[in-house]
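Q: I have a model open and want to go through it with you. Can we start with the overall picture and then look at the details?

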Amino acid sequence: MNLILQIAKRILSAIPSLIGVVIVTFLLTRVLPGDTAAYFAGPAATPTAIEEVRKKLGLDKPLGAQFVAYVEALAHGDLGNSLTTGQPVTQDLAARLPASAELTLIGLIASMLISIPLGILAAVKQGSLIDHACRLIATAGVSLPVFFTGLLLVYVFYYLLGWAPAPLGRLDVFYSPPPTVTGFYLIDSLLAGDLETFRATAAQLALPAITLGLFALAPIARITRASMLSVLAADFIRTARASGLSARTVIITYAFRNAMLPVVTTLGMVFSFLLGANVLVEKVFAWPGAGSYAVEALIASDYAPVQGFVLAMAVLYILLNLLIDVAYGFIDPRVRLEG
Amino acid sequence: MTHHPLLTVSDLTIEFATRRGPVRAVEKIDLTLGKGETLGIVGESGSGKSVTSYAVMRLLDRAGRIAQGHISFSGISIDQASEAQMQDLRGREISMIFQNPRAALNPIRKVGHQIEDVLLRHVQATHANAKQKAIDILTQVRIARPEERYHAYPFQLSGGMCQRIVIALALACQPQLLIADEPTTGLDVTTQKAMMDLIVELTRERHMSTILITHDLGLAATYCDRIIVMEKGTLVEQASAAAIFKSPGHAYTKKLMRATPRSGIGLRDLLPDDLQTGAQPVPRKPPGVVLLDVENLVKDYPPTHGASLMSRLLRQDAGADKPFRAVDGLSFQIKAGESLGLVGESGCGKSTTSMMVMRLLDPTSGRITFLGQDTGAIPAAHFARSPFRSRIQMVFQDPTDSLNPRFTAERSIADPIYRLGSIKGSDAIRHRCEELATLVGLPVALLDRFPHQLSGGQKARVGIARAIALDPALVILDEPTAALDVSVQAVVLNLLEELKARLGMSYLFVSHDLHVVRMLCERVIVMRAGRIVEQGSAETIIEAPQADYTRELIAALPHPPV
């Protein structure tokens, strides 16, 4: 009950920021250089033809009227049509956001599986070989640009070894996508009981996910290590050790659970960053993600997809933060009461 | 006492690896502890008393190691034992209770589960009966409503209650030796007494041996059979508790004893002979006109702090919980040149009161008249710009935390001068800082040092110099010596007394230590739950308290066998 109330409160308090996002993206797309009408009328169009396109798109109206029209459509769940794809933006995003989310999630999970244990070990054995290895891996992961690691992985595993399929999107051309339930091909193919498609999806996912994961390794491993170090120096760890608790209990039950708060915060930040910003990975692997969709629209001065993308990202970010806050409450009883 | 000692430490030397090479924290310590015996290890910070006990538990920091010597516990050689053996010993045979009990407990685990962890680890319980056993132990350490408290988190319990949980953890597996490292530092006197009585009773019941590590000679003498005095890593004296208090042998023990505040002595008596200046103590002047007049001061804290507008809108039961009244209709006066002691246990509202007088906090109602002006009417947020700001200053409790770590001593002292003072120009300010440093007995050469390069006493002097930099009329002292060793405290208290007389200031001295308050203050107010329990001259209150609560406070002070 308390939890639901708290969630409701958080969602309500996010409304002002959403309104702000709507206004700012609308204005920002309008002040961007480039003329949409001229772009879509084509390079050979006459000024009258451009004017015609402008009128058709409603861009000749004053800014206020355009904004009212936009908000009205938004209230009906209509994000407008993309001029580049010719599809409604909602439909485009519904197809592309899950692609981005699936890739990011898998990459993040893979990254966590390595970086969290690595960070814990580095903190427990501070100054040891593992600690130095952790620093080295983290530095390398963050300093190699993702398009470079991506290309390298493609070169080695696809071109040289032939282990990975061609880096051409979410699924090989010989397979048809599973019926959409969640939009996550891995889950949908399992739901459909299609193991063959599942395997093919996983194979396509592997390289881009690893590329992303390598990049996410550094922040997670570093924050885990730093957070563990400060917790391990706390008085209650000394108490736990003085009570003869085993090293496992001390490190996992006592230290790591306490060290988790900053780790969870970082995970949230890394996730939201990767979700919208992994355009480079999406380009290298021809991944039909939301980031590259928005960038293409931006280049074409196609307002509706950009606005839709930013809005979707803002909503996702708010939901993610809510999720983190709820997770906080589960980890730390003190947070639960203060809310 | 038996002939076979439970614990023997011989020739123990402990080294810490530092950037400047190894440093010896403890040098050639010998001690023995018999079954059922209570041993006190007394010393000031840096004496190596805690390090010695950590060595017995083999819980030294990464940098520390036993360089020499042997520790033998009921036939087991601790210095040779494997880590796995040590893990079995810790908690089951030797256990420890710590200073700062709240920090010593896992903040996000239910206390009942923490006790269960220890029981299960040492196979003292099964998963089936662990909960019942944990509740039994909570009952033994006198926790009211143990079934309910089993589910509590440390932050929901008081400091005293947390210490009971720490004791429960330590005694859960019926160990033979209990090491108590400053178990009552930071707790109120009445809690301290309850805690020590509980420890003594429980350990006696179980025929356990106890090592009590403390800086308080009085506390050790009250509760221990035998006392060891340590100074700078060496053992300087060892004797029975009664003997050490009657006739201390070593010069250091004498110095410690002298510096311990106790009944029937004055501030000067705290100082060792070599610091007794020939000068006459500055006589106290009769108090002058009323400087500060506080009438009917009230402070309410809203029930939920930080509640946003939205949450208040969503709350249906907003009217249900009442605001917490921290200060409840307090009235008192301070005259010019007078010092008033504000005494009470934690949560009694003494700090809230001092914050309101200091104008860092706005009162809910009531009047604060300072120098004839209604300063209570000036909002705390704007008080920094008021001309009265420089007339009330404060010395804070923690000399380390109250200094900016990136400021040199000079910069810290000069801070109020930069903001509020009339002195301009770096030479003039430097000159003023040197003057202030000399006044508080801080060597001028130390002015360029950073806080981490100064000792606790030196940092306290910097804090005092900063407070008096603008010649305030009233200085609020918030437990200024609580974090200091007794010998340093003795010097700082004398300094404060001398400064007051020389500069004609008044003090509002907030403290929980009745002895210290008696020595420094003419008048005392005893507070409880935001109200005045008793007020009067310091002597009368200590010698002939009227209120039951005051009597209780005085009775709770350690009474060493004299």
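Q: What does chain A have in the way of helices and strands?
A: This is a predicted model. In it, chain A has 15 helices and 0 strands.

Q: What box do the C-alpha atoms of chain A fill?
A: Roughly 85 × 55 × 40 Å, taken along the principal axes.

Q: And how much of chain A is buried?
A: Chain A has 339 residues, and buried residues make up 43% of them. Its accessible surface comes to about 17000 Å², with 72% belonging to carbon and sulfur atoms.

Q: What share of the contacts in chain A comes from residues 24 or more positions apart?
A: Among contacts with a separation of 6 or more, such residues account for 72%.

Q: Where is A:Asp194?
A: A:Asp194 sits in the loop between α8 (185-191) and α9 (195-232) of chain A. Its C-alpha atom is separated by 43 Å from that of A:Ser13, and the two residues are 181 residues apart along the chain.

Q: Is A:Asp194 buried, exposed or partly exposed, and why?
A: Partly exposed, because its relative accessible area is 29%, and that class lies between the 20% and 50% cut-offs.

Q: Switching to the interface. How much area do chain B and chain A bury between them?
A: About 2600 Å², and 61% of that is on carbon and sulfur atoms. Chain B puts 32 residues into the contact and chain A puts in 28 residues.

Q: How many salt bridges and polar contacts are there across it?
A: The rule finds 0 salt bridges between chain B and chain A. For polar contact the count is 8 residue pairs, with both residues at pLDDT 80 or more.

Q: Which elements of chain B give two or more residues to the side that touches chain A?
A: They are α1 (49-57), β6 (94-97), α3 (111-121) and α11 (309-314) of chain B. The largest share, 4 residues, comes from α3(B). By class, that side of chain B has 17 nonpolar, 10 polar and 5 charged residues.

Q: Buried or partly exposed?
A: B:Arg58 is partly exposed, with a relative accessible area of 21%. B:Glu182 is buried, because its relative accessible area is 8%, and buried means under 20%.

Conventions
Residues numbered from 1 in each chain as written. Chains lettered and ligands numbered in written order. Predicted model: local features only at pLDDT ≥ 70, side-chain atom pairs only at ≥ 80, totals over all residues. Heavy atoms only, no water. Buried < 20%, exposed > 50% of the residue type's maximum accessible area, 1.4 Å probe, protein only. Contact = heavy atoms within 4.5 Å. Buried area = accessible area lost by both parts, 1.4 Å probe. Salt bridge = Lys/Arg side-chain N within 4 Å of Asp/Glu carboxyl O. Polar contact = N/O pair within 3.5 Å; in protein donor to acceptor, adjacent residues only side chain to side chain. Nonpolar A, V, L, I, M, F, W, Y, C, P; charged D, E, K, R; others polar. Areas by Shrake-Rupley, 256 points an atom, 1.4 Å probe, with all protein chains shown as cover.
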